[in-house]
Amino acid sequence: MDIVLMFRFEIILAVLILAIFIMSLRGFDTNVKCFLNTMNVLLLLNFIAGWLPLSEGSYFSDFFRTNGLIVLQKNIINLGLLLISLTSYVWLTQSKYRLEFYILMLSSIFGVYVMLSSGHILMLYLGLEMSTIPIAAMSNFNLKEQRSSEAGIKLILSSAFSTGIMLFGISLLYGAVGNLSFASVIANLHPNVLTLFAFAFILAGFAFKMSIVPFHLWTADVYEGSPIGVTNFLSVISKGSVIFVFLTVLYTLFGGLKEAWLLGISILSILSMTIGNLFALRQQNAKRFLAFSSIAQVGFVLVGVTAASTIGSASVVYFVLIYLLSNIAAFGVIGAVADSTGSESLQLFKGLYKSNPFYALIMAVALFSLAGVPPIAGFFGKLFLLTAGMKSGLYVLMGFAGVNLVLSLYNYLRVVKYMFIDDAEKPLAPLNRNRQLTTALYICLIGLIVIGFVTPIYQYIDSLCGI
Amino acid sequence: MSASTIIFYILATLVVVFGALTVFSRKIFRAAISLLLSLTFIAGIYFLWNVDFIGALQIIIYVGGIVVLIIFSIFLTHHSGQSLPKAKTGKKLLSGIMAVAGLGFTTWVVSQYVFKPAPGVVPVEPSVHNIGIQMLSYSDYGYVFPFEVINILLLAALVGAIVIAIKKSQDTEE
Amino acid sequence: MDILSLLLVLPVITALAILIVKKDQAVRWIALSGSIIQFALAIGITAYYVSLRQAGATGNMLLESSYEWFAPLQIYFSTAVDGISLVMILMTAMVVVAGILVSWRITKQVKEFFFLIVLLSLSAYGFFTSTNLFVMFFFLELAVIPKYLLIGVWGSGRKEYSAMKLALMLMFGSALVFIGILGLFYFTGAQTWDFQEIAKMHIPIETQRILYVLLFTGFGVFTAMFPFHTWAPDGHSSAPTAASMFLAGISMKLGGYGCLRVATYLLPDAAVELSWIFIIAASIAIIYGAFATMMQKDLKYMNAYSSVSHCGFVILGIAMLTKVAVTGAVMQMVSHGIMTALFFASIGMIYDRAHTRQVDELGGMLKQVPFIGSAFIISGLCSLGLPGFSGFVSEMTVFVGSWERTGVFYRVATILACASIVVTAVYILRAVGFAIWGTVTNKEYLKFKDASWSERSAAVLLIIGILLIGLAPFLLTNLIDIDTTSIAQRFIAVVGK
Amino acid sequence: MEQVPLSHILILSSTLFFLGVYGFFSRRNLITMLMSVELILNSVNINFIAFNKYLFPHQLEGIFFTMFIIVVAAAEVSISIAIIINLYRRFKTIDIEDTTTMKY
Amino acid sequence: MNSYDLSALLIVILPILSFTVLGLFGNRFSNRTSGLIGCASLVTTAILALYVAAGYFFDFGLVNGEHVKHIALQFQWLKFTDSLSIDLGIVLDPISVMMLLVITIVSSMVHIYSLGYMKGEDYFERYYAYLSLFSFSMLGLVVAVNIFQMYIFWELVGVSSFLLIGFYFTKPSAIAAAKKAFIVTRFADLGFLIGILMLSYNTKSLDFFTIIDRLTQVGSPYLANFTATSFMGMSALSWALLLVFMGGAGKSAMFPLHIWLPDAMEGPTPVSALIHAATMVVAGVFLVARLFPVFAISAPDALLIIAYIGAFTALFAAVIACTQTDIKRVLAYSTISQIAYMMFALGVAGWGEGKMEGFTASMFHLFTHAFFKALLFLGAGAVIHAVHTNEMEGMGGLRKSLPITHFTFLIACLAIAGVPPFAGFFSKEAILSSALQTQPLIFYVGLFTSGLTAFYMFRLYFRIFWYNPVPEHSHNHETHTWAMNIPLIILGVGAAFAGLIPFGSFVSADGKALELPFHLTFSIAPVAVGLIGIGIAYLLYGKKNEIPDKIASAVSGFYQAAYHKFYIDEIYLFITKKVLFNLVGRPAAWFDRTVVNGLFINGSAETAVATSNAIKPMQSGRLQSYTMFFLGGVLLLAALLIIKFM
C-alpha cells in the first residue's frame, strides 16, 4: 500500500493515459463537450488525489524517491494542469487533436514527475527529455500554421542540441565521479577543472529548459508559434517543474560546487532579468511579451536560488506557485481575446476595461502579480525571492534586481495602460465567457489574492523545505 | 602497440572522417550515408571494447532505425541529386571558430584532469545476460523503472509523430 | 481587535463597500463617511495616546500589537504608534477627507476612483502605523499602482507619460528601500524586521554606510529629493486634484517619514558620517526648486516644484540630526501635507472652472470666485511662511535646528535654505498677482460659480488645520517631543546638546 | 592488454562532438542538422562507454546510460522527422533560413 | 493681572478680534457696520493706550525715578530647546509704550478718516479687516518680548502691508507695487532671520532682555565667544547685528532697500498714512532701538555703519523728493529721508553719560514725525479725493476750496521743515545737536538735508495750494464730511504741539530721565536753513513761472537722474529680471527639464529602449544563431568558472 501511495501520481497518470486510449477506442471523444468535461473532472480528481496522505521514501535504488516537498511540487503541477485544461477549453473544442493533446500533455507531466522524483541523473535526464519531446509535438498542433511548425522544429532541434550539450557534461561528470546516483555524486564531487567544466554544460541544459539568458533564444519564437494552451503549458509547467528540479540539482547535487554556481547563477540571473525585460519592452505580440516576461521572471527566481538554504527553496517554490497562477490567468485572457479575434496583438487590449471589464481585471491582477505589486501575491513572491537573495549579500545582484523591478513594472504597466487608459479605435465586442475558462480565471484570481494573506501556505512550504 | 590498438585508431580515424563528411558534404544523400558509416564504425569500436550489446543496439537502432528514417525523410523531401544550398561563408567561419575553440577548450580540460579508475574493484562483464538481469531488476542497480518510463516516452513520441506526419484525407481536400 | 488595527480595517471595509454598491452617489457618500469616521478615529487614538502618555506610559511606541504573518521570515503584522506617526496619521486623515470632498464632482468611473483613493489612504495609514519594516514596505508599495491609475485614467495633459514616470521612479525608490531593508534584516545580526529591535543592535559602520545611502536615497525618491524629483512636477500636474493632494500631501511624506524612521534612526553612525550628502541634496532641492518654481507658468507645475523645495526642508531637517531640526522636519511634513493639499485643491477648483492652469491665461479670480481666490491666497501665504500659518513655525524650527549644527558647511546650507524664503515669496506673489488678483481677462470666466459646499468644506477643513498648527504649534511639538528626543538621543555624542 | 590511452578516446569523442556542433551551426538543411545532432549524441555515448570500461568496470552505469540515450534519441528523431515532413508538405521548405517568420 | 496689564493685552487683542469678525462675517455686514466695528475697536485701543501710557510713565513704570521694563504678559508658544523658545508676551518699557501711543492714535485716526475716504468702495469690509490686521501686527511687534515674536509680527506687518497696497487688486500697478514691497522687505528679512539665528545660537536665548544682558555685561562668556570670531575686520556679533539691521533697513526703507516705499503709494492714501508714514516704516528704527544697548556697548562699529547709511539715505531721498511730481511720491521720499534721520540719530548715539542723547532724539523724532507725516498723507488724500489725481499738474490754487485741508497741511509742512515752535523743530534740533557732538560730517549732511526738506515740502505745499490762480475744477470738497476732517484736525493739533512734550524725561536709552539740550545759538543754523528752503520754494512755486524748468534744464543731467530716482529701480530690475530670472531661474528650470529630467530620467528610459533595439538582432529567428549563443554561453561560463575557481 505504501508503494501505491508513493507512486500514486505516476499510477494515476498512467491510468489516465490508458483511459484516454480506451475512450478513443469507444469513440467517446467525438462528443467534444462531454469528453472535455470528463477530462476536467478526471484532472480535478487527480489533483485531489495528490493530497492523500504522504508516504516518504525512495524506491528502485534511488531512481525514485519522494518526500513532502516533492509531493507538494507535484500537486502544484497538478493544479497547473487542471487550470490549463480548463483555460484551453475553447481551443480544444475547435481542435481535431484534443485526445492526442491530452495524451501528450499527460506524458509530459509524467516526465515531470519522473524528473521531480529522480534520485539519479539518468532519471533526471529521462524526465527532462520526456517532458520536452511531447511538447515539441504539441507545439506543432496548429498544423496549418507555419508559425506552429516553426515553433515545433525550433523547440525539438534546440532541445536536442541542448540535450547533447548536457549529456556531454554528464558524461564527463560520470568520468569524474563514477556513479551518477545523487548520493554518489554528492559524495565524490570536488571542484576541479573537469567537474566545473561538466557543471557548466549540465547547467546550460537546465538553463535551456528554464529559458535563462543566453540559453533562452528559442523561447519567444516557440511561445509565439505554439497553440496558446501549449504556450501556457511551456511557460508554466515545463518551466516551473524544471525550476523545482533545479533547486535539487544545485542545492543537493552540486552542493559541493556552491562557490562556483553562486557566481554562475548570479551572472545568469542578471542577464536573464535584464535582457528579458529589455526585449519585452518592444513586444507587440502578447505571447512573445509573456515569453520575455517569463525569462525575466526566471531571472528573479535565480536571485532567490542564490540563498542556498531553506529560505531559498521555500521562496522559489512559493514564487513558482504564484507565477503559475499569474501566467495561467494571463494566458487565459490572451486566449479568450485571441480565440475571438484570431490575433494576439497587444493592441487588441486597448480599451479592454470598457468592453470587457472582467477580463481586463483578471489580466491586470495577473500582470500586477508578475510585476510584484501589492497586495497581489506576486509581491510577496518576488520580495521573498529578493529576501532570499540578499542572504548571500550580493549587492550587485540586488542592484540589478532593483533596476529590473523598475523595467518590468514598465513592461506590465504598458499593458495595463492599454487596457485601462487608452481607448480603442474599434472596441472589442464583449467576449463570450465559457464556464470552464471563467472557473479557471476565478481560481487564479482568488489564489493570487489569497496566497499573500493566508500565511499557512507559505509556512507549509517553508516547513517542507526545511527537511 | 597491439593489434586492437591499431584497429581502434583505424576505426577512430574512419569515424572522424565520415563524421566530417556528414557535416561537410554538399549532397544530402551522401551525408546520410557518411553518417551511417560513421555510426557503424562507432559500433565497431564498441565491439572492439567487448560491449557487444551496445554495439548491436547501435547497429539496430541507429543504423537500422534512425538513419533509415532519416533517409526516408530525405526521399520524401528531396529530389535526388539535389545539392544543398550553400551556407554563408561568414556563418561557416563563425561555426568553425566556435567548434575549434570548443574542441581546444575541451581537450585542454580533459588533458588537465587525471582520471582515476575506481580502485580494486571486480569488473562486471557487460554481457547480454548481466545487462538483461540488471535491466529488469528492481533491487540495487536495477533499471526496471527507467525502462518502464521510457515506454511511455516512446508511446508519446508515437502519438505525436502520427498526429503531425499523418496525411489525413480531409487535409488534401483543402 | 485593537484600536490601531481598526484604523486599517476601516478603509478596507470602506473600499469593499464601495465595490459593492451600485450608485455613484452612494459611492461618494460611503467614501466620505468612511473617511470622516477614520478622521474621528484618528483623533480618538491621539487622545488615547496622550492620555496614556500622561498616565506615565514609557516606551518609544505605544499601543503595540503584533499578529503573525509570514512567521518563517519573521514577518509580523506589528503596529504601534508614537507621536510622529500619530501626527502623520492625523494629517493623512484630514487630507483624505478633503480629497474626497474635492472630488465630489468626478463623474467618470466614480466607483473605481473612490476605491483607488481609499486604497491610497490605506497605504498611508499602514505605512505610518507598522513597525515591521517589511509590512511598512508593503504599504509603501501598495500606493504605487493606485497613483498610476489615478493619474493615467483621470488625469489630464501628458498623463500617460507622467503616470508612467511616477510609477517607475517610485518603484526605483522602493527597490532601493527594499534592498536597504533587507540589509537591515540580515546584517544587523538580529534577523528581524522590527525596527525597534534593530534600533537596539550595534551595526558595523561599513554596513551602515551602504544601507544608509540606499535607504535615504530610496525614501528620498518618494520625497522628491534632488535629483530624483522629476516625477513630482509631471505627476502632480497631470493628476486629478485629489490625486495631486494625495501625492504631494501624503505620499511625499511617506518618504520623509521613512528617511527619519528607518534611514536615520536605525543607522545613527552612518547618518552622522554621511548626512552631508543629503544636506547638499536638500539644499540644492530647496534653492534650485524654488528658482525653478519661479519660472513655471502652470499653477500645478508651480506648486509641484514648490513642493520639491519645501520637502527639501524635510530632508534638511532630518539630515541635520539635531532635535530641533528633526522636530522641524516632522512639523514641516505635517504642515506641507495640509498646505499643499489646500493649494492643489484650490488650483483644482480653478481648473475645473477655467480649464486652464496657465498663470497668464487666468486673472481676476478673487473678484469672480472670492472663496476660491481666498483659499488660494491663504495657501500661498502659508507656503511662503507667513506667521500664523503652519509653514512658518515648521520652517523656522528647521532653521533654528539646522543652525545648531556648527561648522561652516552646515551654516552655508542653512543660509541657502533660509534664502529660499525670498524666492518663495517671489513665485507665490507672482501667481497670486497674475492669477488671483487682476481683472477678469476672459469673458467665459464671468460665468463662474464660486465653490460648492463640498469644495468649501474641504478648504475650510484644511485651513483649520493650517491655522491650528500655525497658531498653536505647541500642540504638535508636545505630542512629538518625546519621540524626537529619543531620536536625537542617538546623535547627541556628535551633534551635541 | 595494452590499452589505448583514455585521453585519446576523449579526444576522439570531443572531435566528433564538435564536428556535430559545427554541422548543426552551419548546415541549412533541417535533416542535416538532425544528423549533426546524432553525431553529438554518439560522441557522448563513446564517452560513457569508455569511462565505464576504463574507470568503473564494476558497474554497468555508463552502458545503461548509453542505452537510454539511444532510445531517447530515437524518440526525438521520430518527432523531428514528423515535424520536418509536415513543414515540407505544407510549406515546401526544410531550409532553416526559411523558418524565421518569428523574430525580434 | 492688574488693570494695566489687562489693558495692554486688550490693546493687542481688540484689533485681531475685529479682524476676525470682519474677515469671517464681513460680507454679511453693511459697509457702515463694518466701518464702525473697525473704528470702535481702534478708538478703544487708543483710549486704552493712553491709559496704559499714563500708568506707565507716571505710575507703575516709574521705579526710583527710572522707567523700568515691565512684562505684562509672557507665555511660551513654541519651545525649541530648554533654553530656546519663542515666547509671546507684552513688554512695557518707554519705547514700546511710546509706540503703542503712536500706533493706536494714528491708526484710529486713519480708521475714522477712511470712513469718509473709502466710502462706496468695493470690499469695504475687507479694507477694514486688513487695517485691523495691520494694527494688530504692529502692536504685537512693538510689545515683543522675544526676538522671534518680533520677527513673527514683523512678517505679519509685511503681509498686511502687502494686502493693503494691493487692495485695488484689479490694478496692475497696485499688484506690482504690493509684490515689490513684500519681496524687497522679505529679502531684508532674510538678513534679519539669519541675524536672529546667529544671536540666538550665541546667546542661547531668544528673549530680548536675556540677549541684551548677555551681550552687554562685561566678562560675559557669551559675549567673549561671539566676538572671538571675526570676518572682514568685524566681529561675528557686529555682523549678526548688521544682519538684523538689514531687516530693519528693509522695513524702514534705508538705501538701497528703499525702492519699495514710493511704489507702495499705490495703496489707498489712508493706508499710506498709517503704514508707510507713521508706523510700519519706523519698525526698523524701533528694532535698532530695541537692541540699542547691544549696538552701543558691544558693536559700536555696526552702529557707525548704521549712522552713515542713515545719513546718506536722508540726503539721497531728499534730493529725489525735490524732483518728483506725484505728490504721494514726494511724501514717500520725504518719509524715507525723515526715517533716515531717526536712523542716523541712533547711529551717532553711544552708551554712557552724555552720549545717549541721540537715542532719545531719534525716538522723539519718530514720535513727532508720526503726527505730521500722517497728517501730510491724510491731507494729500483729501486733495487727491478732491481732484482725482496724484500729479501736481492737475493741482494748484486749492487753498480756497479746501480750507481745512490747507490749514492743517501748512502746519504739517512747517513742522517737518523745522520751524519753531512746531513739533518737528524740537526733535530735529535734538538730532542735529547730537550728531554734531560725535559725527560732525553727519551733522552737516543733516543740516543740508534739513534745508532740502523745507524746500521740497514747501514746493509741494505751494504747488498744491497756490501756484495756479484759479482752480479749474472747483467742486468744493469741503463737504468732505466730519469723518475726514476730524482726524486732520486732531493730527494737526498733534503736529503743532507734540514737540512741547518733555520727551527726554519719558524716553531714554537707560530709563533715566534725560534733559534734551536746547541752545538758542545752536538753533539758529537749522532754522535759518529751513527758512531759506522755504523762501526758495516760494520764489519758484509761489506763482506759476518758468524758473523751475529753467533750473531743471540747467542741471538737466542731475535733474533727470534724480527724477528717475537715480535709476535704482532700473538696477534692481536688471538684477532681478535679467540676472535672477534669466541667469538663475531660467537656467534652473531649463536644467531641470533638460538635464535632470531629460538627460537623467528620460535619458535612462531612452537608454533602455536603445539597448533594447541594439540587442534586437540577438533574437534573429535563426535557430543556428540561437544555438551559437548557447554554445558560446556554455563555453564562456565554463571558462569563467574554471578561471575563477582553479
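**Notes on the predicted model**

1. Leaving out residues up to four places away in sequence, A:Leu431 touches A:Ala336, A:Val337, A:Ser340, A:Asn356 and A:Tyr359. Contact here means that the C-beta atoms of two residues, placed from the backbone, lie within 7 Å. A:Leu431 sits in the loop between helix H19 (395-421) and helix H20 (435-453) of chain A. A:Leu431 and A:Ser355 are 76 residues apart in sequence, yet 8.5 Å apart in space, C-alpha to C-alpha. With 18 other C-beta atoms within 10 Å, A:Leu431 is partly exposed. A residue is buried if 20 or more other C-beta atoms, placed from the backbone, lie within 10 Å of its own, exposed if 12 or fewer, and partly exposed in between.

2. On reading the model: it is predicted, so local features need pLDDT of at least 70 and side-chain atom pairs count only at pLDDT 80 or more, while totals for chains, interfaces and linings use all residues. Residues are numbered from 1 along each chain as its sequence is written, and chains are lettered from A and ligands numbered from 1 in the order in which they are written.

3. Helix H17 of chain C covers residues 390-403, and its 14 residues reach 20 Å from first C-alpha to last, close to the 20 Å expected at 1.5 Å a residue. Helices are DSSP runs (H or I, at least four residues), numbered from the N terminus, and the expected span is 1.5 Å times one less than the number of residues. H17(C) is mostly covered, with 14 of its 14 residues buried.

4. Helix H2 of chain B (residues 28-48) has 21 residues and reaches 30 Å between its first and last C-alpha, close to the 30 Å expected at 1.5 Å a residue. After H2(B) comes B:Asn50, with a positive phi near 70°.

5. In chain E, helix H5 (residues 147-165) and helix H6 (residues 172-203) pack at an angle of about 175°, and their axes are 9 Å apart. This makes H5(E) roughly antiparallel to H6(E), the word used for angles over 145 degrees. Axes are lines fitted to C-alpha atoms, for helices over the stretch in contact, and angles run from 0 to 180 degrees between N-to-C directions. Among the residues that meet are E:Phe148, E:Trp154 and E:Phe162 in H5(E), and E:Ala181, E:Phe192 and E:Leu199 in H6(E). By class, the contact of H5(E) with H6(E) has 15 nonpolar, 3 polar and 3 charged residues. Ala, Val, Leu, Ile, Met, Phe, Trp, Tyr, Cys and Pro count as nonpolar, Asp, Glu, Lys and Arg as charged, and the others, Gly among them, as polar.

6. Which chains share the most contacts? Of the 8 pairs of chains in contact, that pair is B and D. Their contact takes 62 residues from chain D and 69 residues from chain B. On the side of chain D that touches chain B, helix H1 (6-26), helix H2 (30-54) and helix H3 (61-91) each supply at least two residues, and H3(D) gives the most, with 21 residues. That side of chain D has 42 nonpolar, 14 polar and 6 charged residues.

7. Two pairs of chains do not touch. The nearest C-alpha atoms of chain B and chain C are 37 Å apart, without contact. Chain C and chain D are likewise not joined by any contact, and their closest C-alpha atoms lie 24 Å apart.

Conventions: Parallel < 35°, antiparallel > 145°, perpendicular 65-115°, else oblique.
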